[in-house]
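Subject: Handing over the two-chain structure

Dear colleague,

Please find below the structure that I am passing on to you. My notes on it follow directly after the coordinates, and I would be glad if you read them side by side.

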Amino acid sequence: MNKTLLGYVPKESPIYEVHPFVKLFFLLVVSLFPLFVAAPEWNFGLLVFLLLLMFLCRIDMRTLRIYVPVAISMGSIILLSYTVLGGRHAEFQVVANVFGFPIYWERLRDALVVYFRILPMIATMVFFLSTSRERDVIVAMRSIKMPFVVTYVFAMALRSAGMVLEDFHIVRQAEQARGFDTTGKSLAYKIRKYVMYMIPLFALSLRRAEEFTNALVARGYSFTGKAAKIKRADYVLTHYSYKIHDYILILLITAAFGVLLYLSLGLGFFELDKSQFIQWLHQILS
Amino acid sequence: MEPIIQIVNYSWKYPDSENPALNGVNLQIMPGEFVGIIGPNGAGKTTLALSMNGLIPGQYHGIKQGEVFVLGKEVEEYPKGELQMHVGMVFSDPEAQFTAMTVEDELVFGLENLGLSRNDIKERLEWVVQLTDLQRLLNKPPYEISGGQKQRVALAAVLAMKPQVMVLDEPTSMLDPLSRKRIFQVLRQLRETQQHTIIMIEHSLENLTPLTDRMILLSEGNVVLHADTRSFFQDPTLVERGVYPSEVIQYFHQIKKRGWYEDEIPITLDEAIEVQEKLLASLKVFNDRKGL
């Protein structure tokens with residue numbers, strides 16, 4: 001098993017045959033797809049495709065269950081914001097009344113469109129993070145000649161997230177050992193006492209920052225001056241090379257995006273008035 | 001021969017402290033020497049180490065007096081990033097010195113800062129990985145390995161840069177005895193095969209003593225004892241000064257104090273066994289003569 005940013009993927013997974021840049025390219029391009037597609041059934045199709053891809057890449061599908069509550073709560077928030085809290089619009093078609101709030105068809109439709117746009121975007125991100133290690137992200141960024149400072153700061157941000165979490169556990173355990181424990185207390189109490197964790201965590205972060213700066217300086221790194229101008233060998237890239245299938249995948253992703261743009265902007269293929277699902281739902285609600 | 005590090009009347013005071021961390025220190029360290037620095041907590045050992053690497057005054061606020069010369073040049077005269085190419089530093093907390101996402105990247109980071117080519121980096125990487133036995137860990141994140149492995153990675157990362165001077169600030173203080181032994185094994189190999197000048201701050205004297213050429217005892221910011229390792233441990237007042245050498249050395253000091261032994265105190269276990277054998281042999285001769 002290889003540890004990735006969101007879990008573990010078996011070493012035998014075909015995803016390891018793919019150059020990290022291709023994965024990043026997939027993330028950047030495919031997450032744009034839903035922006036050009038209004039019809040929810042197509043975005044749902046993309047979501048199914050992404051789930052299939054995760055299955056083929058041998059991502060443990062059980063780990064995806066943790067996103068179900070996120071998807072439900074996000075859907076509920078979008079639905080509430082668009083319908084109950086969406087304001088009054090005399091020109092819209094009322095399909096129902098909930099506690100005196102008119103529910104408009106147009107607002108309901110828009111909520112569905114937004115929701116089904118967001119879902120595949122999140123799935124694309126989950127796919128990327130589930131199949132990539134921190135190093136893959138760095139390699140992908142460096143292979144397109146992004147400045148070292150940018151890739152390095154990004155890598156450190158990834159690393160520091162884990163470190164802060166680790167420090168938080170240490171602080172919590174230390175406070176529990178001295179009798180301070182919020183387990184079983186009310187939410188209001190927990191929020192009020194959260195500062196008890198935050199202050200030592202903040203102090204620890206400052207110390208970490210100092211240690212980290214010292215480590216960088218001690219290894220001869222400098223953000224300014226002559227040392228900063230040295231051409232770096234990017235040794236990590238020697239472990240990765242583009243293979244024919246990488247070029248084919250880049251071409252396929254690019255071609256898919258081109259076709260999508262043509263169908264969407266040129267022919268209006270994914271517009272709402274051509275959506276079978278929306279028409280069917282409208283008929284039912286009307 | 002010119003000293004590789006020369007410290008002249010050097011004092012350093014942190015802004016929020018009453019007393020200086022270092023107070024009028026004078027030191028000379030020659031190329032190729034292995035120097036051990038010992039002393040109680042708060043004696044100024046880490047401040048001295050940071051001063052030799054340029055992290056003081058570069059990264060810390062404080063009042064500096066006197067001068068610290070490295071390779072004949074005052075540390076403040078070095079452009080950013082240059083001094084650290086000559087003086088490598090290993091800190092006591094291995095976690096605090098990692099700068100990359102995998103062990104391999106960690107080892108390579110400093111080499112890239114030196115501006116080496118990919119071939120040179122590969123060569124040095126292979127050398128240091130073999131020396132420190134890190135082959136199996138190269139693809140692992142440095143924060144997911146054991147404490148001893150972390151410290152070996154930190155040591156290897158500095159070693160790979162092949163600095164002329166290596167300053168090690170209590171590199172084994174957080175390690176178990178076995179991991180500590182492995183670090184000292186690497187240092188022993190290094191001492192035998194390389195031409196590094198090594199300055200090591202360490203509390204584990206039984207491991208440090210056999211490696212060093214000279215020992216320095218710091219206390220309250222002052223150098224209170226400074227001699228070659230053998231002479232250093234002949235001093236009968238060491239324990240009174242807060243230095244607890246290996247039990248072998250303490251044992252010989254005790255028997256010398258009781259008048260049962262008059263010669264030089266052995267400083268390693270092997271030497272002690274040899275001396276003890278001689279003592280027992282002479283005792284046997286004595287007993288035989290007396291017919292006891």
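Ala38(A) sits in the loop that runs between helix H1 (20–30) and helix H2 (40–56) of chain A. Please bear in mind from the outset that this is a predicted model. Is Ala38(A) buried or exposed? With 23 other C-beta atoms within 10 Å, and with 20 or more being the threshold for burial, Ala38(A) is buried. If neighbours within four places in sequence are left aside, the residues in contact with Ala38(A) are Val113(A), Phe270(A), Glu271(A) and Leu272(A). The C-alpha atom of Ala38(A) is also separated by 11 Å from that of Tyr115(A), a residue 77 places away along the chain.

As to confidence in chain A, the average pLDDT is 87, and 100% of the residues score at least 70. Among the elements of this chain, the lowest mean pLDDT, 74, belongs to strand S1 (residues 2–4) of chain A, whereas the highest, 96, belongs to helix H9 (residues 244–266) of chain A.

Of the 292 residues of chain B, 45% count as buried. When contacts in chain B between residues at least 6 apart in sequence are considered, 67% of them join residues at least 24 apart.

Chain B is divided into domain 1 (5–245) and domain 2 (246–292), and the C-alpha centres of these two domains of chain B lie 36 Å apart. Across the boundary, ten residues of domain 1 of chain B are in contact with nine residues of domain 2 of chain B. On the domain 1 side of that boundary, helix H8 (205–208) and helix H9 (229–232) of chain B each supply at least two residues, and by class this side is made up of five nonpolar, three polar and two charged residues.

Why can S7(B) be called largely enclosed by the rest of the structure? Five of its five residues are buried, so the description follows from the count. Both faces of S7(B) are covered, with Val165(B), Val167(B) and Asp169(B) buried on one side and Met166(B) and Leu168(B) buried on the other. S7(B) pairs in the parallel sense with strand S6 (residues 87–90) of chain B over four bridges, where Met89(B) stands opposite Val167(B). S7(B) also pairs in the parallel sense with strand S8 (residues 197–201) of chain B, over five bridges, and there Met166(B) stands opposite Ile198(B).

An antiparallel pairing, over six bridges, joins strand S9 (residues 214–219) and strand S10 (residues 222–228) of chain B. In this pair Ser219(B) stands opposite Asn222(B), and the hairpin has two residues between the strands, with Glu220(B) taking a positive phi near 50°.

In helix H10 (residues 247–257) of chain B, the buried residues are Val248(B), Ile249(B), Phe252(B) and His253(B). Seen down the axis of H10(B), these buried residues fall within an arc of 140°, so they line one face of the helix. In general, an α-helix has 3.6 residues a turn, so residues three or four places apart point the same way. The face of H10(B) turned away from the buried side carries the exposed residues Glu247(B) and Lys257(B), while helix H11 (269–290) of chain B is included in what covers the buried residues of H10(B). After H10(B) comes Gly259(B), whose phi is positive, near 80°.

Finally, there is the contact between the chains, which takes 29 residues from chain B and 27 residues from chain A. On the chain B side, the elements giving two or more residues are helix H2 (55–58), helix H3 (83–86), helix H4 (103–113) and helix H5 (118–132) of chain B. Which helix gives the most to this side? H4(B) does, with six residues. By class, the chain B side divides into twelve nonpolar, twelve polar and five charged residues.

With best regards

Methods
Residues are numbered from 1 along each chain as its sequence is written. Chains are lettered from A and ligands numbered from 1 in the order in which they are written. This is a predicted model: local features need pLDDT of at least 70, side-chain atom pairs count only at pLDDT 80 or more; totals for chains, interfaces and linings use all residues. Domain bounds come from an automatic or database domain assignment. Two residues are in contact if their C-beta atoms, placed from the backbone, lie within 7 Å. Ala, Val, Leu, Ile, Met, Phe, Trp, Tyr, Cys and Pro count as nonpolar, Asp, Glu, Lys and Arg as charged, and the others, Gly among them, as polar. A residue is buried if 20 or more other C-beta atoms lie within 10 Å of its own, exposed if 12 or fewer, and partly exposed in between; C-beta atoms are placed from the backbone. The arc is that of the directions from the helix axis to the C-beta atoms. pLDDT is the predictor's confidence in each residue, from 0 to 100. Two strands pair if DSSP finds at least two bridges between them.
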